[in-house]
Amino acid sequence: MGKEITSDEALLKEYHTWLRLERGYSLNTVEGYEMDLEKLRTYAGEHGVDFVRMDFDALQDFIFETFKDIRSEATQARVLAGIHSWFRFLLYKDYIDQDPSELLEGPRKSKHLPTVLSLDEINRMMAAIDLSSNEGHRNRAMMEILYGSGLRVSELVNLRLSQIYLNEHYMLIDGKGSKQRLVPLSPVAEEWFGYWMQDRATWPLKPESKDTAFVNRYGRPMTRAMVFTIVRRLCSEAGITKTVSPHTLRHSFATHLLQNGADLRIIQQLLGHEDLATTEIYTHVNVQDLRNAILKCHPANQK
């Protein structure tokens, strides 16, 4: 039956520690897993089931009911990953003797080609930034780093001044799973970051923001939602009708490097991907590139 549980609260706290310290997951991942676990806990309580001792049939019923309201395959896969993680923890810590989630299957993620901006669209977004505003240099520096270095939005808002080495032209980035990587800074990004640093010195900073690279007008760290808002506003002002997010700049960074001859494994390192297959999803070639390859290389088109 497994060892005795003192209380749900103590068990959940132990699970949190296991995810953060033993599994090395980021805080965002941990919060997602704990949010999905709370759904499982609520469901179990409503159906008179112990959320620690659930069997395979009860888990299948939970998945069926939960997925009715979730259309996104990615979200479904995340919920399932959280359930697997919870029962692996219970098994690892000897609270249960067998993992009932082992045979649970979820949707296979569809590999959709990501939205990518052209160089012209990138330039139009940069030109749409009002440099006369208080936030102008900050926004331009953020955009140049997102596009010029391929950072995730979470990596941008968590970037610290002590991780930026301007003399050596690189940044030390805390990526997913608390894994660090070195990412070069482009000369353009360095120039605009220098302008922002001059402005930042005049802004009122909260004590917790002294080492934060990018702050809001109140001197607090930027949030991901704020960066989303800035990017989408710039797209609107630049006349770009594509659905764009900060991650689109990361897609564009990788795709433009690939199209200009960069090695795929170099791009993999820059993006912080463990698996090269993940990089291949981010760095697709467009239809015109495919057509040009056929015209140039297929023997039927050779004179």
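Visitor: Where is the place of Asp94?
Guide: This is a predicted model. Asp94 has a phi near 65 degrees, a positive value in a residue other than glycine. Helix α4 covers 73–92 and helix α5 covers 119–127; the place of Asp94 is the loop between α4 and α5.

Visitor: Which loop holds His169?
Guide: His169 is not a glycine, yet its phi is positive, about 65 degrees. Its place is the loop between β1 and β2.

Visitor: Is His169 buried, partly exposed or exposed?
Guide: Buried means under 20% relative accessible area, and exposed means over 50%. His169 has a relative accessible area of 44%. His169 is therefore partly exposed.

Visitor: What is the order of the strands in the open sheet?
Guide: The sheet has three strands, with antiparallel pairing. Strands β1 (164–165) and β3 (180–184) are the edge strands, and each pairs on one side only. The order is β1-β2-β3.

Visitor: How many bridges join β2 to β3?
Guide: Strand β2 spans residues 170–174 and runs antiparallel to β3. Asp174 stands opposite Gln180 in β3. The number of bridges joining β2 to β3 is five.

Visitor: Are α6 and α8 roughly parallel or roughly antiparallel?
Guide: Helix α6 takes in residues 136–149, and helix α8 takes in residues 187–200. They pack at an angle of about 150 degrees, with their axes 8 Å apart. Angles over 145 degrees count as roughly antiparallel. So α6 and α8 are roughly antiparallel.

Visitor: What is the handedness of the crossing of α6 and α8?
Guide: The two helices pack with axes 8 Å apart. Their crossing is left-handed.

Visitor: Which residues in α8 meet α6?
Guide: From α6 come His137, Arg138, Arg140, Ala141, Glu144 and Ile145. By class, the contact of α6 with α8 has eight nonpolar, one polar and four charged residues. The α8 residues are Val188, Ala189, Trp192, Phe193, Tyr195, Trp196 and Asp199.

Visitor: How many helices does the protein chain have?
Guide: The secondary structure includes three strands. Among the helices are α6 and α8, the packed pair. The helices come to 13.

Visitor: What percentage of contacts between residues at least 6 apart in sequence join residues at least 24 apart?
Guide: The protein chain has 303 residues, and buried residues make up 42% of them. For contacts between residues at least 6 apart in sequence, the share that joins residues at least 24 apart is 58%.

Terms used
Residues numbered from 1 in each chain as written. Predicted model: local features only at pLDDT ≥ 70, side-chain atom pairs only at ≥ 80, totals over all residues. Heavy atoms only, no water. Axes fitted to C-alpha atoms, helices over the stretch in contact; angles between N-to-C directions. Helix = DSSP H or I, 4+ residues; strand = E, 2+ residues; numbered from the N terminus. Parallel < 35°, antiparallel > 145°, perpendicular 65-115°, else oblique. Left-handed = near helix turned anticlockwise from the far one by under 90°. Contact = heavy atoms within 4.5 Å. Nonpolar A, V, L, I, M, F, W, Y, C, P; charged D, E, K, R; others polar. Pairing = 2+ DSSP bridges. Buried < 20%, exposed > 50% of the residue type's maximum accessible area, 1.4 Å probe, protein only.
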